[in-house]
Amino acid sequence: MTPAGGPGPLVETRTIGRLTVHAIQAGGQKLDGGAMFGVVPRPLWERRIAPDERHRIQLGMRCLLIEHDSGLILIDTGAGNKENAKFHEIYGVENAGAEGRTRLEDGLAQLGVRPEDVALVIGTHLHFDHGGGSTTRLPDGSVAPTFPKARYVLQAGEYEYATHTNERTAASYFPHNFVPLMERGRFDFVTGERQIVKGITVMPTPGHVPHHQGVRIESEGETAFYLADLVPTTAHLPLPWIMGYDVEPLVTLETKRRILTRAAEESWLLVFEHDATTAWTRIAHDGKSFVPTR
Ligand SMILES: [Zn+2]
């Protein structure tokens, strides 16, 4: 069982082939446990992640920084600094860092990285807890790109989806997280699977939202895969453990089957964005379900 405590270490580092990667825990977040596990009954999910008195479970917002020959690449950006105290209270967001920074910026600083050093930001999708840190509210109240020299890679369809919301989807898409980037011409939109730089490939993983993407990282025969909201925590590895938030849960099911089967067969290291304690693991199929190995 995962304790309902705070998130784990700020930065965890390892190698994938000859690439060094850093998992940065950009903060904690608490969401309704029932919503996080969809049709799974509470007696089953609460054995995996214990809820608090408001029925919320502790989650993380883990970003990944890749030291690549082409420059530093950041995958997802956490929740940023633009939401108010009431919002943070409702969603249990704890992402404030030192001296007015975010925890993501603290993690980067710990690695000696300044925001202007990041060359590329890959967004899995534009929900506030994944793309909120892409822009920053400055002391004068204006909003600017957090990483002033970075290009932002996103599926073209996701921008369209985020800017044409309905009553169900609007609560997660805030224009100040992405419109300022569009206005400054910072997006590099892609459609479908695409190698962005050598060994770094975005792969459509639809279901959570229609144009959600994962990121495959390959070097010298080793592979890692950043799952984002396809499999938010290790507790979501069983195929039918799918978030109630997903707009197309049956699409998620087939995407999970495809990606996790390949991950088990090819021994991919899976990176979990929302797991409060586990940054990464490989998986196997035990005859019944996909389970973490190490
Ligand atoms: Zn999401």
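Donors are N, O and S atoms within 2.8 Å of the metal (3.2 Å for Na, K and Ca), and sites may look incomplete because water is not among the atoms. The model is predicted, with local features needing pLDDT of at least 70 and side-chain atom pairs pLDDT 80 or more, while totals for chains, interfaces and linings use all residues. Residues are numbered from 1 along each chain as its sequence is written, and side-chain values use heavy atoms, leaving out hydrogens and water.

**View 1. Four residues hold the zinc ion.**
Meet the donors: His125 (NE2), His127 (ND1), His208 (NE2) and Asp229 (OD), at 2.1 to 2.2 Å. Along the chain their spacing reads H-x1-H-x80-H-x20-D. His125 sits in the loop between strand S5 (118–122) and helix H5 (128–131), and Asp229 in the loop between S13 and H8, so this pair ties together parts 104 residues apart in sequence. His125 is buried at 1% relative accessibility, and Asp229 is buried at 3% (buried is under 20%, exposed over 50%, with a 1.4 Å probe and protein chains only).

**View 2. Helix H8 covers residues 249–265.**
Its 17 residues should span 24 Å at 1.5 Å a residue, and the end C-alpha atoms agree, being 24 Å apart (the expected span counts one less than the number of residues). Thr252, Leu253, Thr255, Lys256, Ile259, Leu260 and Ala263 are its buried residues. They pack against several strands, including S11 (200–204), S13 (222–226) and S14 (269–271), where contact means heavy atoms within 4.5 Å. Just past H8, Ser267 has a positive phi of about 55°.

**View 3. Phe37 stacks with Trp45.**
The whole structure holds 14 aromatic pairs, meaning rings of Phe, Tyr and Trp (its six-membered ring) with centres within 6.5 Å. In this one the centres are 5.7 Å apart and the planes lie at 15°, so the pair is stacked (planes under 30 degrees apart). Phe37 and Trp45 are both buried. Elsewhere, ring pairs join Tyr152, Tyr159, Phe178, Phe187 and Phe189 into a cluster.

**View 4. Glu53 is exposed.**
You'll find Glu53 in the loop between helix H2 (42–45) and strand S3 (56–68), with 66% relative accessibility. From its C-alpha atom to that of Ile196 the separation is 44 Å.

Key:
Helix = DSSP H or I, 4+ residues; strand = E, 2+ residues; numbered from the N terminus. Phe/Tyr/Trp six-rings, centres within 6.5 Å; stacked < 30°, edge-to-face > 60°.
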